[in-house]
Amino acid sequence: MEIPYNSEARPDTGLYNAKLGIWLFLASEVMLFGALFSSYILLRTGAPSWPHGRDLGLNVPLATLNTMVLIASSVTVVLSWASLRLGDIRKFRLYMGLTILCGLGFLVIKYFEYMEKFHHGHFPSFNTFFAIYFTLTGLHGLHVIGGMIVNGYLWGPGAKMWKTDPQRFTNRIEVAGLYWHFVDLVWIFLFPTLYLL
Amino acid sequence: MALVDDHAAHTHGHADAHHEPGFLGKYVFSQDHKVIGIQYGFTSLVFLLFGFTLMMLMRWQLAFPGKPIPLVGALFGQLNAPGGIMLPEFYNQLGAMHGTIMVFLGIVPLAVGAFGNYLVPLQIGAPDMAFPKLNMASYWIYFVGGVIMLTSFFLPGGAAQSGWTSYPPLSDIAPTGQTAWLFGMLCLIISSLLGSTNFIVTIIQLRAPGLTWMRLPFFVWAQFVTSFLLLLAFPALQAAAVLQGMDRLAGTSFFLPSGLVVSGQQLAVSGGGSPLLWQHLFWFLAHPEVYVLILPAFGIIAEVIANNTRKPLWGYKSLVYSVVFLGFMSFIVWAHHMFMTGMGTVMSTFFQITTMIISVPSVIVLTAFIISLWGGSIRFTVPMLFALAFLPMFAIGGLTGLPLGLAPTDIHLHDTYYVIGHFHYVVAPGTIFAMFAGIYYWFPKLTGKKMSDVLGKIHFWFSFLFINGIFMPMLWQGLAGVSRRLYDGGDSYSHAQGVLGLNKMMSYSAWGLALAQLPFIINLFWSMAKGKKVGSNYWDATTLEWAATTSPPLAHGNFAEVPTVVRGPYDYSLPGAPKDFTPQHEG
Amino acid sequence: MAQTHDAESIRKETRTYIGVFIALAVLTVLTVGVSYFHLPPALAIGVALLIAAFKGSLVAGFFMHLFHERKLIYWVLVLTVFFFLVLLFYPTFSAWDQRHL
């Protein structure tokens with residue numbers, strides 16, 4: 001028994017199932033981060049004073065580097081999808097591998113950032129700024145980890161599907177890429193909000 | 001099986017057509033929406049019974065304050081009920097968990113997880129849900145969430161006890177059970193998000209040929225809108241739960257204002273938080289949540305009424321536009337739960353207006369159902385009895401909501417028993433009656449047998465009687481000003497004295513309602529084993545699940561042949577037709 | 001999705017992706033640079049969000065192919081963005097509305 005429209009698109013909607021599915025899931029993620037940003041706005045506007053990230057010891061150059069790393073990983077993941085559409089499984093492996101490495105790099109840099117803060121006694125309990133900082137970046141980081149697990153699976157054991165159902169596998173990479181781009185998108189807003197403003 | 005040729009199956013290497021899953025794969029970790037639907041069904045009914053039991057314990061305390069609980073009083077231990085007499089802390093746990101379990105572990109999983117999962121693919125002519133593995137994951141994550149919630153009773157300090165609404169600062173400093181509540185909710189929310197994605201994709205992508213949007217059974221439209229509500233509203237509570245988790249575990253102050261004093265001591269936290277932030281985020285979910293509770297019920301009632309009046313539903317288009325509009329509006333009314341928080345006039349005006357507007361589509365839906373009865377050949381089957389009772393009960397529930405949605409009257413009624421009466425009218429003789437209607441209605445499809453009509457009617461009449469006996473007096477007590485969540489039921493307040501006598505009546509009704517469920521439980525299990533065997537379309541219905549499948553439907557793929565739909569969902573008594581019903585796929 | 005299957009148009013898309021990457025990198029440097037000018041708060045927030053929104057639309061439009069996506073996806077997102085904005089601003093607006101109380 002086959003579920004229709006996993007590989008090919010349904011004619012009237014022009015979509016295959018997983019693509020619609022991932023956009024719906026991303027819509028819920030927009031609401032999740034929206035709720036957190038809403039909390040940020042409420043807490044910040046309600047506070048008698050709100051510090052600049054820089055003044056609290058946030059490492060702007062390091063975070064800028066991290067931003068570049070994540071943007072680069074967005075390019076590599078879309079290139080991995082393009083490679084599959086060109087039928088090139090080896091290029092796919094290369095680009096997806098780079099994506100995973102970039103993700104790893106992002107997490108490593110985040111680790112150093114967090115450690116530095118803890119070293120200075122800046123825990124989430126320290127003040128509201130750090131509370132929302134750690135919650136937002138922490139939840140974002142968890143999403144990065146989740147994405148890397150999926151990407152890792154698709155790079156490794158999941159790639160077997162290329163042999164049995166290449167169209168469906170290509171769709172899976174597109175869908176995983178959409179999620180990954182979203183994670184990048186959230187960071188594009190998180191970065192200036194927490195570090196620069 | 002869908003029209004898949006074996007060649008394609010081989011090419012794509014799909015092993016499922018050829019390899020039978022073992023016992024675990026078939027009945028435990030099944031990816032078949034019907035099995036998953038049944039799993040959701042049984043689990044949620046057990047939770048409903050459990051939540052009901054919690055309430056029956058509370059009602060003992062309210063009727064006989066300070067008296068030892070009979071029969072089972074010793075079971076609760078010294079920490080909860082020394083000498084069998086319920087402590088206030090235990091009462092609060094029962095209250096908070098009753099609400100949580102009924103809403104999140106009971107009704108929604110039953111309405112959406114059970115009914116939705118089982119019926120939507122069948123009603124749209126699909127072989128299964130779009131993402132069967134995700135469906136399985138949704139169920140098991142729900143199960144884990146439920147286990148977390150139940151076991152929280154055994155944590156030091158007991159289960160969550162700050163109301164199902166978990167308002168901070170109280171919930172921030174409550175015992176460990178509250179943290180378990182947060183983790184349980186996270187599981188339930190994830191389960192829901194995966195499920196709602198599945199439903200939306202399934203309904204959009206897997207409709208059979210010819211099944212256009214305006215030919216969908218209303219039940220499917222209701223599930224469709226419900227899924228959007230779950231998808232876009234739950235994340236707000238997810239965020240709130242994360243924030244409260246941070247407050248409780250990482251020492252943050254998202255919801256703790258500066259200078260908070262607890263038991264004479266200033267709390268050693270950074271402060272600067274906002275308890276109102278929790279309320280906004282919570283109600284942003286919880287208001288759409290109440291529409292999640294009612295929409296599937298509307299869907300079931302529509303099916304049962306059309307079938308038992310032997311005529312098409314009146315106003316199908318109005319029904320569809322109404323529920324879509326209702327779904328949209330449900331996102332912008334939430335702060336009517338917060339009128340008493342010192343809200344400014346602009347916000348208050350806005351939310352009163354949107355709340356008044358949202359009552360319109362509900363009225364349209366109810367009116368359409370009532371008009372649908374006119375000129376119908378009404379069959380007073382057991383499902384129809386529950387469906388007919390739903391109409392005035394939901395009307396009472398809806399009408400009693402109006403003074404709550406207007407701030408001036410809400411001043412008097414907020415947080416009183418009036419509120420509890422209002423929402424229970426909508427959910428209990430409202431949604432739960434619809435659920436019963438659905439169970440009696442679709443039982444023959446699931447099992448190939450019918451339930452006993454005699455036991456069904458006993459179940460109906462006594463439930464109807466007792467359920468009104470519980471909730472009508474609550475409206476009265478609330479108008480008299482009796483606050484909710486009081487361990488002594490209002491005994492310490494002079495203004496409550498005149499209406500306290502009603503507490504005993506409500507408690508007897510509650511216990512009577514419990515007894516009234518026995519015929520149902522007996523009926524359910526006895527009929528599954530020994531019920532009279534019936535054909536695939538016992539009720540002579542028109543929608544695809546009756547007319548194109550066997551009873552029970554095929555294990556793989558649901559349909560022997562993919563049906564092609566050629567007409568709307570309720571072609572009953574079509575002029576010139578040979579029978580008084582014409583199935584959707586019949587030409 | 002821009003579902004063309006011929007190699008040439010896919011390669012053209014690839015060049016677009018690289019171009020977008022460069023634009024994103026430049027905009028990142030820009031937004032960091034602007035932050036050193038210590039603009040008044042309202043202006044600083046406005047500029048930062050504007051640049052972020054522009055970067056975001058590049059990611060969404062090109063990497064996520066939203067510029068060529070199906071109408072259904074657009075409508076889901078329009079609905080979502082509406083509720084997102086409500087959720088984002090109402091709590092704070094509510095606090096502002098009761099500031100005199």
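The following is a conversation about a predicted model, with each value set against its definition.

Visitor: What should I know about the numbering and the model?

Guide: Residues are numbered from 1 along each chain as its sequence is written, and chains are lettered from A and ligands numbered from 1 in the order in which they are written. The model is predicted, so local features need pLDDT of at least 70, side-chain atom pairs count only at pLDDT 80 or more, and totals for chains, interfaces and linings use all residues.

Visitor: What are the scores of the model?

Guide: The ipTM is 0.97 and the pTM is 0.95. For chain C the mean is 91, with 94% of residues at 70 or more.

Visitor: Where in chain B does pLDDT stay under 50?

Guide: Over residues 1-17 of chain B. For that stretch the model has 19 contacts beyond four places in sequence. Two residues are in contact if their C-beta atoms, placed from the backbone, lie within 7 Å.

Visitor: What pattern does chain A follow along the sequence?

Guide: The pattern is α-α-α-α-α-α, from six helices and zero strands. Helices (H or I, at least four residues) and strands (E, at least two) are DSSP runs, numbered from the N terminus. The C-alpha trace of chain A spans about 60 × 35 × 25 Å along its principal axes.

Visitor: Why is helix 3 of chain B called roughly antiparallel to helix 5 of chain B?

Guide: The axes of helix 3 (residues 33-63) and helix 5 of chain B cross at roughly 155 degrees and come within 7 Å. Axes are lines fitted to C-alpha atoms, for helices over the stretch in contact, and angles run from 0 to 180 degrees between N-to-C directions. Angles under 35 degrees count as roughly parallel, over 145 as roughly antiparallel, 65 to 115 as roughly perpendicular and the rest as oblique. The angle of roughly 155 degrees therefore makes helix 3 of chain B roughly antiparallel to helix 5 of chain B.

Visitor: What is the hand of that crossing of helix 3 and helix 5 of chain B?

Guide: Helix 3 of chain B passes helix 5 of chain B in a left-handed crossing. A crossing is left-handed if the near helix is turned anticlockwise from the far one by less than a right angle, and right-handed if clockwise. The residues of this contact are 21 nonpolar, 12 polar and one charged. Here Ala, Val, Leu, Ile, Met, Phe, Trp, Tyr, Cys and Pro count as nonpolar, Asp, Glu, Lys and Arg as charged, and the others, Gly among them, as polar.

Visitor: What makes helix 5 of chain B oblique to helix 9 of chain B?

Guide: Helix 5 (residues 88-123) and helix 9 (residues 275-309) of chain B pack at an angle of about 40 degrees, with axes 10 Å apart. That angle makes helix 5 of chain B oblique to helix 9 of chain B. Their crossing is left-handed. Residues in the contact include B:V103 and B:F115 of helix 5 and B:E289 and B:P296 of helix 9. By kind, the contact has 11 nonpolar residues, one polar and one charged.

Visitor: How do you know that helix 5 of chain B is roughly parallel to helix 7 of chain B?

Guide: Their axes cross at roughly 20 degrees and come within 11 Å. That angle makes helix 5 of chain B roughly parallel to helix 7 of chain B. The crossing is left-handed. Among the residues that meet are B:Q93 and B:F104 in helix 5 and B:W181 and B:F199 in helix 7. The contact divides into eight nonpolar, seven polar and no charged residues.

Visitor: How many residues of chain B are in contact with chain A?

Guide: 42 residues of chain B are in contact with 33 residues of chain A. Helix 8 of chain B (218-250) gives the most to this side of chain B, with 10 residues. This side comprises 25 nonpolar, 15 polar and two charged residues.

How values were computed. pLDDT = per-residue confidence, 0-100.
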